[in-house]
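This report describes a structure for a reader who meets it here for the first time.

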Amino acid sequence: MNRISFLAGAAFGFLVAAARLNDYNVIHDMLLLREPDVFLMMASAIGVAAPTLAYMNRKHWRTLDGELNLRRQPVSRKNITGAAVFGAGWAVAGSCPVPALAMTVGGSVLGLFVMAGLFTGIVLRDAVEARSIQPLLRRFRASSETEAAGVQG
Amino acid sequence: MHILPDRVPWYIVGPLMGLTVVAFFAIANKPMGATTAYAETFQFAARRKVKEFWRVWLFVGMAAGALLVSVLRGGPSLTMSYGLLGTLVPVGLLIPILFGAGLAMGFGARWSGGCTSGHGIRGMSALSPASIAATMTFMAVAVSFTFFLHIVTGGSL
């Protein structure tokens with residue numbers, strides 16, 4: 001699995017850098033709607049992958065790790081709020097996680113600061129999430145213990 | 001020596017990117033997403049428990065693939081440039097701006113459950129409603145915010 005992940009990551013990283021998505025000006029021109037290339041690239045990627053995955057899903061495709069699971073998720077509020085925060089950062093940096101990594105390994109010193117911010121933001125969000133679910137977990141545990149005590153009694 | 005063209009066109013990169021997502025699903029049954037790969041790599045670097053080690057390899061692979069492109073283009077070479085933004089903002093100010101933008105992206109992507117790769121390519125390809133909603137949101141916000149910055153800087157940015 002690790003070898004497959006490495007190869008898939010290498011192909012993805014190669015393509016991101018080959019298309020110059022690690023160049024601030026390319027993303028900036030895309031977001032200013034000056035050139036359609038990145039939108040067309042995303043659309044063609046989805047255009048190839050979506051029908052292929054849908055077909056494989058219908059045929060109950062077997063993978064090395066069981067039956068294909070596309071992990072389709074229903075929409076929740078966090079998908080929208082989180083994406084809005086992400087979009088603001090993307091507009092300023094003109095880069096996102098994979099391009100920032102590609103930028104940095106290509107020698108961009110400033111790309112390192114984008115990556116440092118990314119790591120910090122991820123860790124910060126995980127800390128917020130852990131804090132916000134702790135009271136819920138405590139409440140759940142307390143109610144389970146009360147119920148158990150009730151049954152035993 | 002530059003073996004790769006300056007920019008490989010979208011009609012080659014896009015379909016190949018789609019096939020990469022399909023291949024990773026078809027063989028490994030795993031979603032290709034960068035945010036969780038960052039998160040797990042951080043856990044590994046901090047010597048904490050890594051839940052899904054394959055994501056660390058995904059991160060390493062992404063770096064290796066990008067490095068190969070850089071080598072094929074005659075690099076890598078150290079640079080302090082940052083496109084148009086780098087020509088308008090002094091480095092001393094640019095560093096906290098880029099760190100803050102990265103922080104917003106990391107926090108937002110983790111909150112939303114994905115980024116441009118996890119939601120925008122992988123989730124959209126899987127026709128996941130959450131990813132479709134997230135992609136539409138971050139695209140709309142990023143385009144609007146870029147236009148806002150363009151206007152407030154008098155068209156310089």
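In this predicted model, helix α1 (residues 2-18) of chain A and α3(B) have axes that come within 6 Å and cross at roughly 40°. Axes here are lines fitted to C-alpha atoms, for helices over the stretch in contact, and angles run from 0 to 180 degrees between N-to-C directions. Angles under 35 degrees count as roughly parallel, over 145 as roughly antiparallel, 65 to 115 as roughly perpendicular and the rest as oblique; α1(A) and α3(B) are therefore oblique to each other. The crossing of α1(A) and α3(B) is right-handed, a term for the near helix being turned clockwise from the far one by less than a right angle.

Residues are numbered from 1 along each chain as its sequence is written, while chains are lettered from A and ligands numbered from 1 in the order in which they are written. As the model is predicted, local features need pLDDT of at least 70 and side-chain atom pairs count only at pLDDT 80 or more, whereas totals for chains, interfaces and linings use all residues.

Between the chains, 98 residues of chain B are in contact with 99 residues of chain A, contact meaning that C-beta atoms, placed from the backbone, lie within 7 Å. At least two residues of this side of chain B come from each of α1, α2, α3 (54-72), α4 (83-88), α5 (91-112), α6 (116-125) and α7 (129-152).

Chain B has seven helices and zero strands; helices (H or I, at least four residues) and strands (E, at least two) are DSSP runs, numbered from the N terminus. The C-alpha trace of chain B spans about 50 × 40 × 40 Å along its principal axes. Of the 157 residues in chain B, 50% are buried, that is, with 20 or more other C-beta atoms within 10 Å of their own.

An automatic or database assignment divides chain B into domain 1 (1-78) and domain 2 (81-157). Their centres, taken over C-alpha atoms, are 19 Å apart. Nine residues of domain 1 of chain B touch nine residues of domain 2 of chain B. On the domain 1 side, α1 (10-28) and α2 (34-45) of chain B are the elements giving two or more residues.

The table lists the contacts by residue class. Ala, Val, Leu, Ile, Met, Phe, Trp, Tyr, Cys and Pro count as nonpolar, Asp, Glu, Lys and Arg as charged, and the others, Gly among them, as polar.

| Contact | Residues by class |
|---|---|
| Side of chain B that touches chain A | 70 nonpolar, 26 polar and two charged residues |
| Contact of α1(A) with α3(B) | 21 nonpolar, seven polar and no charged residues |
| Side of domain 1 of chain B that touches domain 2 of chain B | six nonpolar, three polar and no charged residues |

Conventions:
Contact = placed C-beta atoms within 7 Å. Buried ≥ 20, exposed ≤ 12 C-beta atoms within 10 Å, placed from the backbone.
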